Structure formats: C-alpha cells, structure tokens
Amino acid sequence: MFKYDDWPNFRINEGQFPKLTFKNSFMNAIGWFILVAVLIAHVIDTLAEWLNMRAADTVLPPALVHLYDEEAYEKAQTYLKSNTRFGMFKRVLDLVALLLFWFLGGFGWLDVVARSFGWGEIATGLLFVGGLVLLNGVMGLPFGWYHTFVIEERFGFNKTTPKTFWMDRIKALVLGLLIGVPVLVLVLWLLGKMGESAWLYVWGAITLISLALQYIAPTWIMPFFNTFKPLQANDPLRQAVLSYAHNVSFPLTNILVMDGSRRSSKANAFFTGFGKNRRIALFDTLIADHTIPELTAIVAHEVGHYKHRHLLKGMITGILQTGAYLFVLSLCIKLPGLYAAFGLEQQSVYAGLVFFGLLFSPIEFLLGMLSNYFSRKHEFEADAYALETAPEPEALGEALKKMSVKHLTNLNPHPLFVFLNHSHPPLLQRLAAMERILLVKP
C-alpha cells in the first residue's frame, strides 16, 4: 500500500509507480451517497431489462400478423434476449470495474502519475482526464467488437468490415483530439481563472461551441464518417419530396442519401442542422426497402419535428440544463469531501469535473427519464403532422411496420423499460395513435 505522504516524491522516470491496494478509509458521506446512487441506478436498470425480456410475448399482435411469419417473429424474440443479456453483462462489468478502480485507489494513483510530470494545472488535467477516457475506451473495445461482429452479424445486420470498425474509432479519436481537447483546455482555464463567476463564462463558451457544432456538423463532421450524395434532379423520389416540402412551406433544396449500408442493413432518416446547412438525409437502406409514398411520409415526419420546433426546444432545454449543471458544479467543486471520497488529498478543477459527474448521476438519471418522456411526446406530434400533410398518410404506418420487421423490433416492451429508455414510443402505441387520427380525419 502506498502512503499519501510518499506522493510528492514519486517520479515516473524512477519507475516507482504506487501500487493499487484495496482501501475504503477515504469514504465519507459524499462517497457513500455516490455509491448508493450508482448501485440503485444499476438495480433499476437491470430490473427494467429483466422485466422487458420477460414481457416478450410469443403471440404476434393481430395488427402485424400479415407482416411476420412464425420464424421471423421468433428471430425477433431471440434478438431481444441476446441484446438484453449482453447489455446486462456489460453493465455488471462496467460497475465492477468502476468500484474496483475506486476502492483500489485508482483515481488517487492516476492523479499522482499526472502530477509527477510537474506540468501546469491544465496539462495535468489533460493527462488525468485523458487517462480515464483512454481506459474507458480500451475497456469498451471488446464489447463493441463482440456486438458488431457476433450479435449483429448473427442476425444479419452487420455490414461493417474490421477496417471500417477500426477506422471509425481512429476517426473518433482524431475528432476528440481536435475538438474535445481544446474545449477541455478552455473549460479548465475558465474555471481556474475566472473566480466565482467562472461557471457563467463556461456556460457561454459551451453554448457558443454547441451552436457552432450544430452548424458545421452536417458539412464537416458527418461526412468524416459517411458519404452523403444528393438525389439526382430527375429522381422521382426527389421530385416527390421537394413537391411535398413546397406544399408545406418547408425550406428544402436538396435531399441527401447516406451510405448507411456501409455499416448495417438497418435503415433510418434524420433532419439536422440549421440555416443554409439544414438538411434531410435518408439511409440508402431506407430507400431500397420503401416505396416513394412511404419515404415521403417519413420525410413528412421529419418535417413535423421542424414545424413543431422540436430541435429548437431541445437545444434551448439543453442550454438551460447545462447552465444549471455548471452552477451546481461551481458549488460542489469546492467541497474537500468530494476529493477525499475518491482518495485525493489535493483539490483540482480537473478531478472535480470528473467526480462531480458521478455525484450528479442521480439527477442525470432523472433528467434522462424526463428527456425520454418529451422525446416520445414529440414523436407522436411528428407522426400527427405527417398524417395531416403527407399525400398518402397511411403510408407512414406501413413504413414503420416494415422497419420494425426488418430491425427485429421488440413489439411488447415492458412499460418500465419504455419509461426509462425509449426515446420513441413502441410501435403498437404509434399505430394506435395514428388510427385514432385517421378515423377523425375528413
């Protein structure tokens, strides 16, 4: 076991790494609060997943009998169970790794290593945070590989090659270095230099950076991972979508096709950006599987998000939440007990950021449920808009059914699992809501 009073004498070039030895003597009220909160969240998530797996019904819902055969539906149930068991196993290992690293003094050990170089606070903070990010990334690699090349491959979804898998992670690392590192440097500098009002400066900086990323992401970041090509001028789908957009006064000049088939056979569509960078993108797999009326209805759903200002509302909510988060951070980061709970004797801005993330986890857990609730509400609103404006409104329901069949969607998720995890309503709820709208539509 290493002693705290030995830390100042530690130097990497001497090869005297402190040893990790189990100890919990640094636990205090804050530490116990974080530990209990983490364990409760783990138990709730595990219970929800177990109930969700148990709720899988072997009887096919009548509304989808004409789409599924017995073999396909059984495959969907197996896919659900495989993913659930994998997710539960990964969650347990993540929890064990966190607790071992915590109680073996890993945070204190990493702080010693980072400080031993004798660099300034910001450079030391980059080493500390970078070490945690690197450790977490390395631990996640086997799980990412297994999910892609075993589970997704087994059920016919995977189109990712090993080269693409590794290139995606290299690209993510490059983006993290180009964007994440400068942002972290700025945050550490502001929190360390601006005194009591530092959180306001950080809030303003993060807000500006977030808005800038929203603007440049469609043209600079997304093409870093995928290829986007505009539909040809004479393409019937382009003509149908642009005609619809004109009828509903939606400012759209182009529709992009994304090479989603490069990684998966699953399909999707999304609306992103603002100003002249606003765009709707359709996966090539989506176009291959759906008719023009169905694709137009899907676009109508995405336009519904724009018309109801869901993106703007989400952006404003995110900015306000960030401000509240930073204000509470500015209060908690001064607490000596926060650092003592993780085995650190010296306070630092960089360690405070990491530890406050764990302290704030119960609130984030609740905010996540609230966010999912409003997201599901927004999906119903976008569906309703599509039914009101699409040339063939019934096509939206048919498109959703097709996607559910192809994606092996769980048709009977447990309510608790939906409440905790679903950003979209279950298919049968969406279809029932659509049927009610169509019945009263003139």
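K266 and E152 form a salt bridge, with their closest N and O atoms 3.5 Å apart; the term stands for a side-chain nitrogen of Lys or Arg within 4 Å of a carboxyl oxygen of Asp or Glu. This pair ties together distant parts of the chain, 114 residues apart: K266 sits in the loop between β2 (255–258) and β3 (269–272), while E152 belongs to helix α4 (residues 121–154). K266 counts as partly exposed at 24% relative accessibility, whereas E152 counts as buried at 9%. Here buried means under 20% relative accessible area, exposed means over 50%, and partly exposed is in between (1.4 Å probe, protein chains only). The areas themselves come from the Shrake-Rupley method with a 1.4 Å probe, and for residues only the protein chains shown count as cover.

A word on the model before we go on. It is a predicted one, in which local features need pLDDT of at least 70, side-chain atom pairs count only at pLDDT 80 or more, and totals for chains, interfaces and linings use all residues. Residues are numbered from 1 along each chain as its sequence is written, and side-chain values use heavy atoms, with hydrogens and water left out.

Now for the overall picture. The protein chain has 16 helices and four strands, where helices (H or I, at least four residues) and strands (E, at least two) are DSSP runs numbered from the N terminus. Its radius of gyration is 25 Å, close to the 22 Å that the globule rule gives for 442 residues, so the chain is as compact as a globular protein of that length. That radius is taken over C-alpha atoms, and the rule is 2.2 Å times the number of residues to the power 0.38. Along the principal axes, the C-alpha atoms fill a box of roughly 75 × 50 × 40 Å. Of the 442 residues, 43% count as buried.

Back to the salt bridges: a search of the whole structure finds 11. Three of them, including the opening pair, are set out here.

| Pair | N to O distance | Relative accessibility |
|---|---|---|
| K266 and E152 | 3.5 Å | K266 24%, E152 9% |
| K90 and D94 | 2.9 Å | K90 27%, D94 30% |
| K401 and E398 | 3.4 Å | K401 12%, E398 32% |

K90 and D94 are four residues apart in helix α2, which means about one helical turn separates them. Both K90 and D94 are partly exposed. K401 and E398 lie in helix α14 (residues 394–406), three residues apart, again about one turn of the helix. In that pair K401 is buried and E398 is partly exposed.

S249 has a positive phi, near 55°, although it is a residue other than glycine. S249 is in the loop between α7 (236–247) and β2, and it is exposed, with a relative accessible area of 57%. L408, not a glycine either, has a positive phi of about 55°. L408 lies in the loop between α14 and α15 (415–421) and is buried, at 8% relative accessible area.

Finally, the surface carries a patch of negative charge where D69, E70, E71 and E74 gather. Patch members have over 30% relative accessible area and no salt bridge; like charges are joined within 9 Å, and nonpolar side chains (Val, Leu, Ile, Met, Phe, Trp, Tyr) within 5 Å.

Definitions and conventions: Lys, Arg positive; Asp, Glu negative; His and termini not counted. Charge placed at Lys NZ, Arg CZ, Asp CG, Glu CD.
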